[in-house]
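Here are my notes, written up as numbered points. Have the model open while you read.

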Amino acid sequence: MPNISKLPSYPASLWMEQNSANTFSLLTEDVSADVTIIGAGITGITAAYLLAKEGLKVTLLEAGKVIGGTTGFTTAKISSQHGLIYQDLIKQHGQEKALLYYEANQEGLSFIQDCINNLKIDCDFRTLPSFIYSTSKEMEQKVEEEANAYLKLGIDGGFAHSEDLALPFSIKNAVMMRDQAQFHPVNYLNGLLRAFTKLGGKVYEHTRATDIQADSSIVKTENGCKVKSNHIIVSTHYPFNDLKGLLFSRLHVERSYALAAKVKEGNIPDGMYLSADKPTHSIRSATGPDGKKLLLLGGHGHPTGQNDRDTSTHYEKLAHFGSKYFDIEDIPFHWSSQDIFSLDNLPYIGPVKKGTENVLIATAYAKWGMTNGTIAACILKDSILNKDNLYKDLFHPSRSEVDYSNTKTFVKENATVAKELIKGKIKRESRSIEELKHDAGGIIQLDGKKVGAYKDKEGTCHLVKPTCTHMGCDVVWNDAERSWDCPCHASRFSYKGDVLEGPATKPLKRIES
């Protein structure tokens, strides 16, 4: 088995390693536009491109680097096969809406393929079948039920036998979806960005939006600049603008892990695979920077900030799974990402609440942002242009989600937040700063107060107040990413306290040592 200690010191995404995007300047003055888009991931960039094609003046703001959020840390499957979801969608929403969800994601896949062809984007796009497989008796029945759901909905695929899969281990059964795809997400979005800027679109990096004045359609940024527009799209993955829409109580956030490994030639299966059993294992191939084939493994998700074990153990378990079934020689890349789930398995796309139809959001793609994020951009574009869209009502944020199972989820999610808030306040740490090892972090006691500390490899200590600036929960240390993660609403901060992921917009308070 590859030694986890031999992995790069810091996580690095395969997609970001090959990122050759242009750099964009910081916004330094007040500007105006027809549409302001906050967040330069797959939804923000796709929507910006579509709106600019319609002749609108679009300003795209990104808190860090473009494509530097979740889109740059995905497994990059372009698929409508989103786990064992269709049997649940039929039960929750009925057959008509379940089919509509499938058609929406298929349209997202077709849109991506059309853009690649029309704009001549080189992004390693491949059409492949996608499989969900079971290895246990328990999940064998669930996979069979999913295949029956495909039959009811007329999905192109269905029940698959073990000989249909090119996996090096035995399975019970599988369900297949034909003509799905995979690609290099960063190269694809760089192509869309080039097309957007050629159309006159404006992009500003390192420009964090901190406030939205919905009544006047003004976005305020961290450095005091303002963007005035007619419409605002918040595509920041986790919306930072609740606008009293109770979004925070309707979202669940998880982190999951991935690695890209060099394996012995011929040991990488064709196709895209996902286990029905837990912990989840995602399997696909990818092309490395040297043009050689890599094995891409993903899975082992858990709620952000609510993991009792060292987060690095998830990489170890992925590496162990990979070495058990594939001849792994080296693991040059490993990374993690954050994914958001709604109460009812459908994304939230559209205005947060009545009266603020000029402010639109897109979130809760549940690990399937390539297709969901693309169709979200199409829905938002049509909303701004006052055009009908077949999928508008299906994904509307104000849709009714009240049934027995969703109510239980709602109560559980908010009880977890309350529990984490209280637990963080009463938990006491006895470690001193001297006990902290190099390249390690955690909560310590300093002058009788609880302090977040990271001691770097040189022995320099970086101290922060361990209270999330979003809603006051205590953050926890993430050893694998060297970050402070909030267990309540999943904001993440660097070891220096800078915001890595929202909904927080303000850094942790730094403490002088």
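How many salt bridges does the rule give? The count comes to 13, taking a salt bridge as a side-chain nitrogen of Lys or Arg within 4 Å of a carboxyl oxygen of Asp or Glu.

1. Ground rules. This is a predicted model, where local features need pLDDT of at least 70 and side-chain atom pairs count only at pLDDT 80 or more, while totals for chains, interfaces and linings use all residues. Residues are numbered from 1 along each chain as its sequence is written, and side-chain values use heavy atoms, with hydrogens and water left out.

2. R399 and D344 meet through their side chains at 2.8 Å, N to O. This pair links distant parts of the chain, 55 residues apart: R399 sits in the loop between helix 9 (392-395) and helix 10 (404-426), and D344 in the loop between strand 17 (328-341) and strand 18. Helices (H or I, at least four residues) and strands (E, at least two) are DSSP runs, numbered from the N terminus.

3. Six strands make up an open sheet with mixed pairing, in the order 8-3-2-12-19-18; two strands pair if DSSP finds at least two bridges between them. Strand 8 (202-204) and strand 18 (348-351) are the edges, each pairing on one side only. On average, neighbouring strands here are turned by 15° against each other, direction ignored. Angles run from 0 to 180 degrees between N-to-C directions, and axes are lines fitted to C-alpha atoms, for helices over the stretch in contact.

4. Strand 12 (residues 231-234) runs parallel to strand 19 (residues 359-363), with 3 bridges between them. V234 has I361 of strand 19 as its bridge partner.

5. Helices on the sheet. Helix 2 (residues 42-53) packs on the sheet and touches strand 2 (35-38), strand 3 (58-61), strand 12 and strand 19, where contact means heavy atoms within 4.5 Å. The direction of helix 2 makes about 170° with that of strand 3. Helix 6 (residues 185-198) lies across strand 3 and strand 8, at about 125° to strand 8.

6. Helix 2 against helix 6. Their axes come within 9 Å and cross at roughly 30°. Helix 2 is therefore roughly parallel to helix 6, since angles under 35 degrees count that way. From helix 2, I42, I45, T46, A48, Y49 and A52 meet L189, L192, L193, A195 and F196 of helix 6. That contact divides into 10 nonpolar residues, 1 polar and no charged. Here Ala, Val, Leu, Ile, Met, Phe, Trp, Tyr, Cys and Pro count as nonpolar, Asp, Glu, Lys and Arg as charged, and the others, Gly among them, as polar.

7. Helix 3 against helix 5. The axes of helix 3 (residues 86-93) and helix 5 (residues 137-153) cross at roughly 65° and come within 8 Å.

8. Two hairpins. Strand 9 (residues 209-213) and strand 10 (residues 218-221) run antiparallel, joined by 4 bridges, and Q213 has I218 as its bridge partner. Their hairpin leaves 4 residues between the strands, with S217 in the turn at a positive phi of about 55°. Strand 10 also pairs antiparallel with strand 11 (residues 226-228) over 3 bridges, where K220 stands opposite K226. This hairpin has 4 residues between its strands, and G224 in the turn has a positive phi of about 95°.

Conventions:
Angles under 35 degrees count as roughly parallel, over 145 as roughly antiparallel, 65 to 115 as roughly perpendicular and the rest as oblique.
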